[in-house]
Amino acid sequence: MSHPVVKGLIVPGLPQPLLTPEANEGYSRLRGAFEKAREEIQESEADVLIVYSTMWPSIIGHQVQALPEPEWTHVDELFHDLGSIPYKFRIDSELAGGICESAQGRGLCARTVAYHGFPIDTGSVVALELLNPNNELPAVILSSNAYADRSETVVFGKSVVDALAAQGKKAAVVVVMTLSNRLFTRFIDPAEDHIHSDKDEEWNQKLLEFFAEGRLEDVAQLSREIHKQIRIPKVVNFKPMWWLSAVMGAHNNYAGTVHGYGALYGTGGAVISLTPAEAGVGVKEFDEADVEVFTGNRDVLGGSANSEARATEPAAATVPVGGSSHAAHLGAAPVSEVPENEPETALRTSAAPKPVGAYPHARRVGDLLFLSGVGPRQAADNSIPGGPIRDAEGNPRDYDVYAQTQAVIGNIRSILEATGSSLEKVLDVTVFLVDMDRDFEEFNRAYKEAFEGIGAARTTIAIRALPTPIAVEFKVLAAAGDA
Amino acid sequence: MPNGRIVAGALAPHPPHLIYAENPPQNEPTAECGWETLRWGYERLRADIDKRDVDVLVVHSPHWQTYVGTHLLGVPKFDSLSVDPIFPNLFRYHYEMNVDVELAEAIHDEAVSEGLEMKMMRNPDFRVDYGTIVCCHLTRPQWDLPIVSISSNRSESYYGVEVMQEMATALGKATRRAVEQSGKKAALLCSSSLSHRHFTTEAEIPEDMSREHITSHALYLWDMQLLEMVRKGQTRQMVDVMPEFITQAKSEMDAGSFAWLMSALDYPTEPGEVYAYGTVIGTGNAVVGWFPEGVAVS
């Protein structure tokens, strides 16, 4: 399966190239660069344009524009004297919804926005007006969450890939940002615009060199240093390269083209395209981990004092087993965050991987424990023993289903023991395999080693896919520990 | 000789949730209830401002962010739709407002004489920021007074809190002089919360008050420290502690709105009237009034 992102673009969001290209040679050069980028998009196989704008900050998770035809006359809050920008865009609402669902499936808070008059940011307006002036392609616009750091941003990028793959679409993705972002703080004559400082210029040139060599992941890995050196800290970090690299496959094998570079009121504006290539500078030794699922605490609405008490309470010592609290059910295991409105019979434990959706690890009804589907992901770091079944680009890779099955059984054991039950009390198991022909024998070997003598009923089913890149998942029914 | 003066100053936070919960005809979404403590506090602030026969509201807003200079609305009338970019599900508000362009230009000119970079916003298509709209609505829902809206220059991002406060102080002095020379009675609104750390998830029912609380105990302590200073009339000390407060409490007072207000009021030493304190999606908010001519009006 080829990667669904066929083109990556970096463009500035300030309005001068759109509204006053004649005012400065650099503005005019950038305008021409936008035109070249537009031609590249037209010649690509892209079905849709996805814009990630650093000028659209969000607080409540990640927002995705989903109104089919947003229409307004936009005025920039700073450069209002340059003129108004009437616009009408064509949005791919189906893909917008798909991205939200994928993001939620990977542990993120995300929602679509579809309201007449929603204030689409200047950067998105400029990018779409110049790259897609006649709405040749439908578009999706994504916010940049103000609180998100790297892991959340990377996972959001992967969510986009999920959605594109699920809908069979190919995309050109656009990041709206400047390189150095220090504006002049005094009004200037546009004809005399220039990069704010030599230091910013030197860093910009280094970045342009990286991009021209197609070294996107290298730039992403340098994001924290870039933030310190040439970014005014308007947000928690410089994150667009994390998103772009994640959405394009996290490597350095691109054909990079710098279509144009110039100063925009002191900032460094560049129009750059990255096209996936067979070869490039190759993979380097990266410091920052790859992340598949966001496991940070975004579920903070439950009473903070109660949550803290749950998280630290030595539960087994203070609450009798069989009592009414979550902690009692979960024995001595540390307790993960529990939504305030979840029934007390819903059970969670941090000893097992965090659920990827709105469900607990298990639910007790009478003397029975119903476990949610359990996969091999590890609670500590979300790694997959035996390796994932596909790489970040969606390409199949070799994996060890025996190791994955052992990990699944280990997670089941952790959940059951956290509730006071045990593997020996399992009554019924439903097994899901994504490749029955390839994997049944090795799965069955691992299963036998753990379950022989327990006498649990079992059903094994082949399915097309699981939500994360794993080969095997168990659904378990067990007797409670005190049954 | 003109006898213009500032007759009221207010810390007037702008969470759109308060308008959402109030269900005014201008706002599209409707709510069952919510954030009553703050809304009832606003009612008391309104009553005290109403007693003073105010001619104009002057608001400094963190949500009109300008990185080059400080800008003022310079178009006499606006009529449009404001949709909150963060909470569009709660705030889609149809606004009509008149602007006191004459006073705005006077503040502009006085601020230029203080050495500040200033600009008048003359584009009639401009959309007024929701920070201005929300705090003006909650202070004067009749919309029968003209307003002056001042942007927040983001000098804190470029230089630091001290420079921001210096610039906001100069802007406050310029505002006071312009009001005095205008012959008008003005109420000044600092459109700002106190601590400003949000939840990043939202309850299924946004007005579900069982889910509303401060994001952390530390931020509550900071908010109470500030309000104790208000109650003791220690406004200079408040400005002094502001750099640490902004850093520790993630406060949006980095916009300079509070330093501007205190400077314009010339650092009142009488206790401020704390009408309410409450949280909105985790942020700390207080409605506070200062009345240079005394709280009681005969």
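This report walks through a predicted model with chains A and B, from the overall layout down to single residues.

Some ground rules come first. Local features here need pLDDT of at least 70 and side-chain atom pairs count only at pLDDT 80 or more, while totals for chains, interfaces and linings use all residues. Residues are numbered from 1 along each chain as its sequence is written, and chains are lettered from A, with ligands numbered from 1, in the order in which they are written.

Chain A has 14 helices and 16 strands; helices (H or I, at least four residues) and strands (E, at least two) are DSSP runs, numbered from the N terminus. Of its 483 residues, 50% are buried. Here "buried" means that 20 or more other C-beta atoms lie within 10 Å of a residue's own, "exposed" means 12 or fewer, and "partly exposed" is in between, with C-beta atoms placed from the backbone.

A contact is a pair of residues whose C-beta atoms, placed from the backbone, lie within 7 Å. In chain A, 76% of the contacts with a separation of 6 or more are between residues 24 or more positions apart.

Where the two chains meet, chain A puts in 33 residues and chain B 30 residues. The chain A side has 18 nonpolar, nine polar and six charged residues. For these classes, Ala, Val, Leu, Ile, Met, Phe, Trp, Tyr, Cys and Pro count as nonpolar, Asp, Glu, Lys and Arg as charged, and the others, Gly among them, as polar.

## Two domains

Chain A is split into domain 1 (5-276) and domain 2 (322-479), with bounds that come from an automatic or database domain assignment. Their C-alpha centres lie 40 Å apart. Six residues of domain 1 of chain A are in contact with seven residues of domain 2 of chain A, and the domain 1 side consists of two nonpolar, three polar and one charged.

## The cores

Nonpolar side chains tend to be buried together in soluble globular proteins. A nonpolar core, as used here, is a set of buried Ala, Val, Leu, Ile, Met, Phe, Trp, Tyr and Cys residues joined through C-beta atoms within 7 Å. The largest one has 180 residues, and Ile50(A), Val51(A), Val140(A) and Val174(A) touch the most other members. Helix α6 (residues 161-182) of chain B gives the largest share of this core, eight residues. A second, separate core has 34 residues, including Ala418(A), Val431(A), Phe443(A) and Phe474(A).

Leaving aside neighbours within four places in sequence, Val51(A) has contacts that include Ser124(A), Leu128(A), Val174(A) and Val176(A).

## Strand β8 of chain A

Six of the six residues of β8 (residues 171-176) of chain A are buried, so this strand is largely enclosed by the rest of the structure. Ala171(A), Val173(A) and Val175(A) point one way, and Ala172(A), Val174(A) and Val176(A) the other way.

Two strands pair if DSSP finds at least two bridges between them.

| Strand | Partner | Bridges |
|---|---|---|
| β1(A), residues 5-11 | β8(A) | six |
| β2(A), residues 48-58 | β8(A) | six |
| β14(A), residues 426-433 | β15(A) | six |

Ile10(A) stands opposite Val175(A) in β8(A), and Ser53(A) stands opposite Val176(A) in β8(A).

## An open sheet

Another part of chain A is an open sheet of six strands, in the order β11-β12-β13-β16-β14-β15, with mixed pairing. β11 (346-347) and β15 (457-462) of chain A stand at the edges with a single partner strand each, so one side of each is left without a neighbour in the sheet. Thr430(A) stands opposite Thr459(A) in β15(A).

Two helices lie across strands of chain A. Helix α14 (residues 436-451) of chain A lies across β14, β15 and β16, at about 145° to β14(A). Axes are lines fitted to C-alpha atoms, for helices over the stretch in contact, and angles run from 0 to 180 degrees between N-to-C directions.

## Covered helices

In helix α4 (residues 122-131) of chain A, nine of the ten residues are buried, among them Ser124(A) and Leu128(A). In chain B, eight of the eight residues of helix α9 (residues 257-264) are buried, so α9(B) is largely enclosed by the rest of the structure. Just after α9(B), Asp266(B) takes a positive phi of about 60°.
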